[in-house]
Amino acid sequence: PYDVLIVGGGPAGASASIYASRKGIRTGIVAERFGGQVMDTLAIENFISVKETEGPKLVAALEEHVKEYEVDVMKLQRANKLRRQGKMIEVELESGAKLLSKAIIIATGARWRELGVPGESEYRGHGVAYCPHCDGPLFKGKHVAVIGGGNSGVEAAIDLAGIVGHVTLLEFADELKADAILQKKLHSLSNVTVIIGAQTTEVTGDGKKVNGLNYKDRATEESHHVEVAGVFVQIGLLPNTDWLKDTLTLSKYGEIEIDSHGATSMPGVFAAGDVTTIPYKQIIMAMGEGARAALGAFDYLIRNEFD
Ligand code: FAD
């Protein structure tokens, strides 16, 4: 059995594995896709101390760093059950294999909910963006759209309005869902246009990058086109916790609740990164959280007996 078994091989999981292994304890990682969301990222300019890099390049560096240590890396494996077995915890994989460990760190990340309209996947990273903290500065002085009028969409629009030339926010429903204070701030900005009752139907482009979007006015059924250089999709972040619903305490958004040591509601099970309730989902955050969960797990190991 493992001392620490990590589920997820994104920045949080990779960081946790290095911190755990450096304690001289038996460490393993199970990951469906090593690198996680970072594999889907083009330019990264906010990973502090690295001025500029690309997702796959950062993932290669992560993997190289993990390989410096005695970590069992099990790739292309999906975990689908977590249960306690006496003093140990068992993770069952989709293949049917079962892995036992004294402590577990869940770092299965999250995924952005997509619009599912033509042009979205084609122009992903070429104008279609999901993270204003990451990609906002790429659109300095330009006209961008934000899709989604909940808290994250309105926050994104306020944030972007300070960087880009103009922001058009489109909301499907007949009213914005964001907190009143955010809406007030949004409406005070002179370079923001809000369109409600708008169903985005297509992201348009010139073959290389985004040049606009089409939406249908749901009241009149009329179609409209807006010229924009970027489209920020802000319609939800879905944590990868479907397999944990009956075992761990989750927030109403499905994120794993953790304490200040990264501990979850099940003793011996820790969590880190985008899959948890920690706000501001970023690579640098995920790595810090992974380190913390590993140290939390190590503390748990030295305070408990397992034979
Ligand atoms: P993830 O990266 O989501 O990794 C999750 C891991 O868990 C993966 O290995 C996955 O395969 C695995 N997994 C999931 N479910 C299971 C399962 N059941 N069994 C086994 N393994 C499983 N952040 C920045 O700081 N700067 C940026 O410029 C930036 N740009 C971004 C651009 C895009 C397009 C996207 C999508 C995100 C971007 N982010 C950026 C956000 C950043 O990528 C995430 O915050 C970060 O990757 C979260 O790390 P994580 O380890 O928590 O989860």
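## Domains, ligand shell and helix packing

The centres of domain 1 and domain 2, taken over C-alpha atoms, are separated by 33 Å. Domain 1 covers 2-112 + 237-303 and domain 2 covers 128-233; these bounds come from an automatic or database domain assignment. This is a predicted model, in which local features need pLDDT of at least 70 and side-chain atom pairs count only at pLDDT 80 or more, while totals for chains, interfaces and linings use all residues. Residues are numbered from 1 along each chain as its sequence is written.

**The ligand**

The ligand has 39 residues around it, and Gly-8, Gly-10, Gly-36, Gly-109 and Gly-273 come nearest. A residue counts as near if its C-beta atom, placed from the backbone, lies within 6 Å of the molecule. The shell is made of 20 nonpolar, 13 polar and 6 charged residues. Here Ala, Val, Leu, Ile, Met, Phe, Trp, Tyr, Cys and Pro count as nonpolar, Asp, Glu, Lys and Arg as charged, and the others, Gly among them, as polar. At least two shell residues each come from H1, strand E2 (27-31), strand E9 (110-112) and helix H6 (283-303). Helices (H or I, at least four residues) and strands (E, at least two) are DSSP runs, numbered from the N terminus. Both domain 1 and domain 2 give residues to the shell, so the ligand lies between them.

**Helix pairs**

Two packed helices are described by the angle between their axes and the distance between the axes. Axes are lines fitted to C-alpha atoms, for helices over the stretch in contact, and angles run from 0 to 180 degrees between N-to-C directions.

| Pair | Angle | Axis distance |
|---|---|---|
| H1 and H2 | roughly 20° | within 9 Å |
| H4 and H5 | about 30° | 10 Å |
| H1 and H6 | about 40° | 7 Å |

H1 (residues 11-21) and H2 (residues 55-67) are therefore roughly parallel to each other, a label for angles under 35 degrees. H1 passes H2 in a left-handed crossing, meaning that the near helix is turned anticlockwise from the far one by less than a right angle; clockwise is right-handed. Pro-11, Ala-14, Ser-17 and Ile-18 of H1 meet Leu-62, His-65 and Val-66 of H2. Residues are in contact if their C-beta atoms, placed from the backbone, lie within 7 Å.

H4 (residues 151-161) and H5 (residues 180-187) are therefore roughly parallel as well, and their crossing is left-handed. Residues in this contact include Val-154 and Ile-158 of H4 and Leu-182 and Leu-186 of H5. By class, the contact has 5 nonpolar, 2 polar and 2 charged residues.

H1 and H6 cross in a right-handed way. Among the residues in contact are Ala-12, Ala-16 and Tyr-19 of H1 and Met-287, Ala-294 and Phe-298 of H6. This contact has 15 nonpolar, 3 polar and 1 charged residues.

Methods:
Parallel < 35°, antiparallel > 145°, perpendicular 65-115°, else oblique. Contact = placed C-beta atoms within 7 Å.
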